[in-house]
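Please look over the sequence and the structure shown here. The paragraphs after it take one part of the fold at a time.

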Amino acid sequence: MSKKALIAMSGGVDSSVAAAEMVKDGWDCIGVTMKLYRGEENQCNGKACCTLSDAEDARSVAYDLGMPFYVFNFTDDFDRQVIHRFVDAYEQGRTPNPCIDCNRYMKFDKLYQRAKALGCDVVVTGHYARVQWDEERQRWLLLKSRNEAKDQSYVLYFMTQEQLAHTRFPLGEYESKEIVRNLAAEHGFATAHKQDSQDICFVQGGRYVEFIENYTHKQYPQGEFVDKQGNVMGQHKGVIGYTIGQRKGLGLSLKEPMYVCGKCPESNQVVLGSQEDLMVTELWAEDFNWISCEPPTQPMEVSGKTRYHGQESPAFAVQQEDGLVHIRFTVPQRAAAPGQAVVLYQGDVVVGGGVIAKTKTQG
């Protein structure tokens with residue numbers, strides 16, 4: 001009896017080729033596109049998960065492969081689990097990562113549950129990552145993609161053992177995007193030369209302040225820029241409009257370069273400091289998911305990454321009694337901010353990851 005696979009099809013080239021690989025390997029496949037955002041066709045800029053044309057591209061590929069195809073409406077869940085978290089994080093002075101929330105709560109929760117209801121054995125996506133069973137550890141491991149330039153393991157750190165056991169990432173073994181596009185062209189897919197998605201899908205042109213104001217129907221009040229000693233440096237245009245590490249666009253005439261190094265929604269202040277005030281030597285992460293091992297009670301040597309496209313840096317990590325994971329970097333990290341994800345690696349293996357709760361800088 002053939003095994004069934006649910007293919008998450010975004011209408012892009014990656015998920016198209018992932019679907020083709022599963023069909024080639026003899027799986028009984030069902031293609032699905034998730035309708036996530038209620039925006040109009042020309043308002044959804046990015047993740048190829050929302051527009052009518054993206055769904056039609058996915059449907060075309062599914063038809064070419066002889067697969068049944070469905071569109072699942074998850075707009076209410078997306079609003080609650082992704083957009084609301086995004087807005088709430090900014091209002092709390094944190095830096096959100098909605099793409100991680102989308103993967104966590106949509107693709108590997110809602111879609112995973114729907115796959116089980118349909119009797120599917122695995123969920124398949126076009127992510128650039130790998131899953132591997134480790135006999136010695138008796139655990140499923142999440143590994144980096146062979147194509148390190150496209151590696152997406154950072155946004156998958158939350159995956160549980162059960163999810164890893166029932167997930168396939170066919171593109172993880174390919175060493176270049178060119179191989180993927182060539183395979184799509186060989187199949188004659190309409191998506192073969194489609195441009196990769198950019199930015200946050202529900203925020204057009206990166207105008208997130210405008211989006212938040214429209215979503216909440218609020219006008220965020222002006223407040224004070226202050227230095228670390230509390231001296232007033234000028235007026236800001238609303239605390240949600242600034243990110244940790246920002247220097248340009250402050251609208252201030254300063255004697256020397258200053259950077260956003262903190263946000264205080266309670267007092268409606270944005271804290272400015274020097275470059276040194278951005279250099280994080282230690283951080284504490286919450287909601288941490290250990291994948292490759294049990295939580296270490298003694299410092300474990302790892303490499304850590306605090307941005308999707310950031311560089312890994314040597315660090316030591318240990319689970320504290322209060323549940324937070326303490327991570328100390330050998331080399332200070334610039335502008336690591338609460339709300340961002342920190343993901344730990346040992347070579348190609350994802351050790352685990354969590355959300356930055358607080359940081360300590362050298363400044």
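Helix H2 covers residues 52–64, and its 13 residues reach 18 Å from the first C-alpha to the last, close to the 18 Å expected at 1.5 Å a residue. The model is a predicted one. Which residues of H2 are buried? They are Asp54, Ala55, Ala58, Val61 and Ala62. Viewed down the helix axis, the buried residues of H2 lie within an arc of 120 degrees, and so they line one face of the helix. Buried here means that under 20% of the relative accessible area is left. Leu52 and Tyr63, on the other side of H2, are exposed. The cover over the buried residues of H2 includes helix H1 and the strands E2 and E3. After H2 comes Gly66, which has a positive phi near 70 degrees.

The elements that cover H2 can be taken next. Strand E2, residues 28–35, is mostly covered, with 6 of its 8 residues buried. Strands of a sheet pair through backbone hydrogen bonds, in either a parallel or an antiparallel sense. With strand E1 (residues 4–8), E2 pairs in the parallel sense over 5 bridges. In this pairing, Leu6 stands opposite Ile30 of E2. How does the chain get from E1 to E2? It crosses through helix H1, residues 13–24, and this β-α-β crossover is right-handed. E2 is also joined to strand E3 (residues 69–73) by 5 bridges, and these two strands run parallel. Here the bridge partner of Val32 is Tyr70 in E3.

Cys264 has Gln269 in E11 as its bridge partner.

Two pairings can be set side by side when viewing the model.

Note on methods. Residues numbered from 1 in each chain as written. Predicted model: local features only at pLDDT ≥ 70, side-chain atom pairs only at ≥ 80, totals over all residues. Heavy atoms only, no water. Buried < 20%, exposed > 50% of the residue type's maximum accessible area, 1.4 Å probe, protein only. Helix = DSSP H or I, 4+ residues; strand = E, 2+ residues; numbered from the N terminus. Pairing = 2+ DSSP bridges. Right-handed = clockwise from strand over helix to strand, strands pointing away. Expected span 1.5 Å × (residues − 1). Arc of directions from axis to C-beta. Contact = heavy atoms within 4.5 Å.
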